[in-house]
Amino acid sequence: MSIPLKHFKKGTPKPELPDDGVLRFYSMRFCPYSERAALVLAAKKIPHHKVYIDLNEKPEWYTDYSPLGKVPAVQLTAVAGQPALVESLVIAEYLDEAYPERKLLPTDALQKALDKILIERLAPAVSAVYPVFFTNNPPADALQKFEVALDVFEEEIKKRGTPYFAGQQIGLVDYMLWPWFERFPALKITLADKYELDKTRYAKLLQWRDLVAQDEAVKAVALDPRVHAKFMFARHEGKPNYDVAFEPV
């Protein structure tokens with residue numbers, strides 16, 4: 001059964017989905033938190049049905065799966081009561097434990113905790129760059145604050161001394177950080193000064209970004225910077241078009 005490749009919005013009926021026990025993944029194509037869950041689903045090759053939600057005009061039925069109307073949400077249709085999980089990190093950790101064939105979280109309890117702390121430390125960078133992404137008049141010091149927040153990650157990847165934050169192979173911490181690094185190159189298109197991260201200041205971090213970009217799950221899920229830029233321009237105008245994700249580049 002084919003689900004329309006569009007974002008469901010207010011007034012649209014629920015999509016007809018087969019009662020086949022396959023996970024149902026509710027997402028918005030430009031949401032970095034949804035992308036976290038999508039990356040784990042792709043990395044672990046977990047079968048699922050995708051349903052895209054228009055966050056500007058949420059369909060009335062969506063609160064059945066996400067009480068606060070947030071994405072991502074994953075409905076466990078093979079479990080009694082068909083519960084739905086929300087919050088990207090909750091979903092990611094559940095999927096890693098429920099589908100253990102390729103473990104993405106470290107087995108060491110301390111390293112697992114340190115990775116979770118590192119993921120949380122991305123918050124200042126996201127807060128600083130968000131208005132640069134999506135508004136016409138971001139604070140004058142937004143990019144400066146963004147860069148200072150990213151210094152933490154340049155130092156951390158140097159300290160760890162491995163290609164990935166997770167070690168010699170890509171892991172959950174890398175997938176949880178990636179969605180924002182996918183979006184940063186769009187600033188070269190949206191900003192008049194064609195902004196890019198400093199290649200000297202962030203040498204190791206940019207090497208990490210280039211390496212992660214070649215991962216099969218990332219290639220299956222990521223959008224081109226030009227598509228992100230197109231969405232950002234639409235947000236600047238106050239007319240977000242989520243379905244631009246499905247248009248040819």
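The model is predicted: local features need pLDDT of at least 70, side-chain atom pairs count only at pLDDT 80 or more, and totals for chains, interfaces and linings use all residues. Residues are numbered from 1 along each chain as its sequence is written, and side-chain values use heavy atoms, with hydrogens and water left out.

**Overall fold**

- The chain has ten helices and five strands; helices (H or I, at least four residues) and strands (E, at least two) are DSSP runs, numbered from the N terminus.
- The radius of gyration, taken over C-alpha atoms, is 18 Å, close to the 18 Å that the globule rule gives for 249 residues, so the chain is as compact as a globular protein of that length. The globule rule is 2.2 Å times the number of residues to the power 0.38.
- The C-alpha trace spans about 55 × 45 × 30 Å along its principal axes.
- Buried residues make up 49% of the 249 in the chain. Buried means under 20% relative accessible area, exposed means over 50%, and partly exposed lies in between (1.4 Å probe, protein chains only).
- Among contacts (heavy atoms within 4.5 Å) with a separation of 6 or more, 70% come from residues 24 or more positions apart.

**Helix α2**

- Helix α2 covers residues 88–98, and its buried residues include Ser88, Ile91, Ala92, Leu95 and Asp96.
- These residues cover an arc of only 130 degrees around the axis, which puts them on the same side of α2. The arc is that of the directions from the helix axis to the C-beta atoms.
- The elements that cover the buried residues of α2 include the strands β2 (23–27), β4 (73–75) and β5 (84–86), together with the helices α1 (32–43) and α6 (172–183).

**Aspartate 215**

- Aspartate 215 sits in the loop between α8 (203–212) and α9 (216–221).
- Aspartate 215 is buried but has no salt bridge, and the nearest side chain of opposite charge, arginine 102, is 4.5 Å away. For charge, Lys and Arg count as positive and Asp and Glu as negative, while His and the chain ends are not counted.
- A polar contact of 2.8 Å joins the side chains of aspartate 215 and tyrosine 175. Such a contact is a pair of N or O atoms within 3.5 Å; within protein, one must be able to donate a hydrogen and the other to accept it, and residues adjacent in sequence count only if both atoms are side-chain atoms.
- The backbone nitrogen of alanine 217 is reached by the side chain of aspartate 215 at 3.0 Å.
- With neighbours within four places in sequence left aside, aspartate 215 is in contact with Arg102, Ile170 and Tyr175.

**Salt bridges**

- The count is 19 salt bridges, each being a side-chain nitrogen of Lys or Arg within 4 Å of a carboxyl oxygen of Asp or Glu.
- Glutamate 87 and lysine 70 form a salt bridge, with the closest N and O atoms 2.6 Å apart. Glutamate 87 is in the loop between β5 and α2, and lysine 70 is in the loop between β3 (48–53) and β4, 17 residues apart.
- Glutamate 87 counts as partly exposed at 38% relative accessibility, and lysine 70 counts as partly exposed at 37%.
- Arginine 160 and aspartate 115 form a salt bridge, with the closest N and O atoms 2.8 Å apart. Arginine 160 lies in helix α5 (residues 142–160) and aspartate 115 in helix α3 (residues 109–120), so the pair ties together parts 45 residues apart in sequence.
- Arginine 160 and aspartate 115 are both buried.
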